[in-house]
Amino acid sequence: MASILSIRRPVAALAARTATQTPQKAGSRAAVTTFLSSPASPRSYSPAPRPQTARLALASNNIQQRLSHQQQTIRRFNSATAPSLRSWKFEDINAALPSDPNGPPSPPATPQRKLILVDVREPNELTSTGIIPTAVAVPLASQPDALFLTPDEFETRFGFPKPGVQEEGHIVFYCKAGVRAKTAAQLAMQAGYDPDRIGVYEGSWLDWADKGGKVEKWEGGEHE
């Protein structure tokens, strides 16, 4: 009998301790359930760039700055080494034109004094205004490769000899206000023309018309 009582007492104590711990476990389970069921709060991320991204952006900016500096240096070098174009004025061109049949004769033109006038405006402009007498029309915008053609190719396309190939004298480009004329002169030098023979009438048609220069009707057509 004594041995049975000694066994029951530890069992009763263990049951009492288990009953005491049960509410705590229940509370822990409730806390875990509440945590799992509660909505997760959104995470916020810092907009600060990563160190590697910032370094790449800085390197790209430095490269662009160096390229820009190199391009500016090249442009300054080209402008310094490019041959200077002779600028022709109204009086120079007017004096070199053939004399008016009804006026006093002009002195014969020498090869150094003779002008080969090239109008680089477009056909619709020439139809509207006319051209300077003796000028040939080589439109720059629609025929940008004209001066790079061989003499045979040029004559086939335009119907007249390539300017400055068969005749001597200065080749003077003009347009409406002088901008396209300068471009055409630069192209002529790139195409192999002697820079000493190339010139630009900077005032071009606006200056010619304003000063009452002679005008010749243009009856050319479109070029292919």
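## Basis of the model

The structure is a predicted model, in which local features need pLDDT of at least 70 and side-chain atom pairs count only at pLDDT 80 or more, while totals for chains, interfaces and linings use all residues. Residues are numbered from 1 along each chain as its sequence is written, and side-chain values use heavy atoms, with hydrogens and water left out.

## Overall fold

The protein contains seven helices and five strands. Both kinds of element are DSSP runs numbered from the N terminus: helices are H or I with at least four residues, and strands are E with at least two. Along the sequence, their order is α-α-β-α-β-α-β-α-β-α-β-α.

Of the contacts in the protein with a separation of 6 or more, 66% are between residues 24 or more positions apart; a contact means heavy atoms within 4.5 Å. The protein exposes about 15500 Å², and carbon and sulfur atoms supply 57% of this area. Accessible areas come from the Shrake-Rupley method with a 1.4 Å probe, and for residues only the protein chains shown count as cover. Buried residues make up 27% of the 224 residues. A residue is buried under 20% relative accessible area, exposed over 50%, and partly exposed in between (1.4 Å probe, protein chains only).

## Nonpolar cores

In soluble globular proteins, nonpolar side chains tend to be buried together. A nonpolar core is a set of buried Ala, Val, Leu, Ile, Met, Phe, Trp, Tyr and Cys residues joined through side-chain atoms within 4.5 Å. The largest nonpolar core here has 23 residues, and those with the most contacts inside it are Val120, Val138, Phe154, Phe158, Ile171, Phe173 and Ile198. Two or more residues of this core come from each of β2, α5 (151-158), β4 (170-174), α6 (179-190) and β5 (198-201). The largest share, six residues, is given by α6. Apart from this core lies another of 18 residues, among them Leu97, Leu117, Leu126 and Val172.

Which residues does isoleucine 198 contact, leaving aside its neighbours within four places in sequence? They are Leu85, Arg86, Ile171, Phe173, Ala185, Ala188, Met189 and Tyr193.

## Pocket and cavity

Rolling a probe the size of a water molecule over the atoms shows where empty space is left. On a 1 Å grid over the protein atoms alone, a cavity is a set of points where a 1.4 Å probe fits but cannot get out; a pocket is an open set with protein on both sides within 12 Å along at least five of seven lines; and lining residues have an atom within 4 Å of a point. Grid points are joined across faces, edges and corners, and a volume is the space filled by probe spheres set on the points.

The largest pocket holds about 240 Å³ of space. Its lining has 15 residues, of which Lys114, Leu115, Ile116, Leu117 and Thr134 lie nearest its centre. At least two lining residues come from each of α3 (90-96) and β2 (115-119), and β2 gives the most, with three residues. The lining divides into twelve nonpolar, one polar and two charged residues. In this division, Ala, Val, Leu, Ile, Met, Phe, Trp, Tyr, Cys and Pro count as nonpolar, Asp, Glu, Lys and Arg as charged, and the others, Gly among them, as polar.

The structure holds one cavity of 30 Å³ or more, and the largest cavity has a volume of about 70 Å³. It is lined by 13 residues, with Val138, Leu140, Gln143, Ala146 and Leu147 the closest to its centre. Twelve residues of the cavity lining are nonpolar, one is polar and none is charged.

## Individual residues

Threonine 134 is placed in the loop between α4 (123-129) and β3 (136-137). Its phi is near 75 degrees, a positive value in a residue other than glycine. Threonine 134 is partly exposed, at 42% relative accessible area. Isoleucine 131 lies in the loop between α4 and β3 and counts as buried because its relative accessibility is 3%. Isoleucine 131 is twelve residues from aspartate 119 in sequence and 7.4 Å from it in space, C-alpha to C-alpha.

Serine 204 belongs to helix α7, and its phi, near 50 degrees, is a positive value in a residue other than glycine. Is serine 204 buried or exposed? Serine 204 is buried, with a relative accessible area of 0%. Glycine 212 is found in the segment after α7 (204-210) and counts as exposed because its relative accessibility is 59%.
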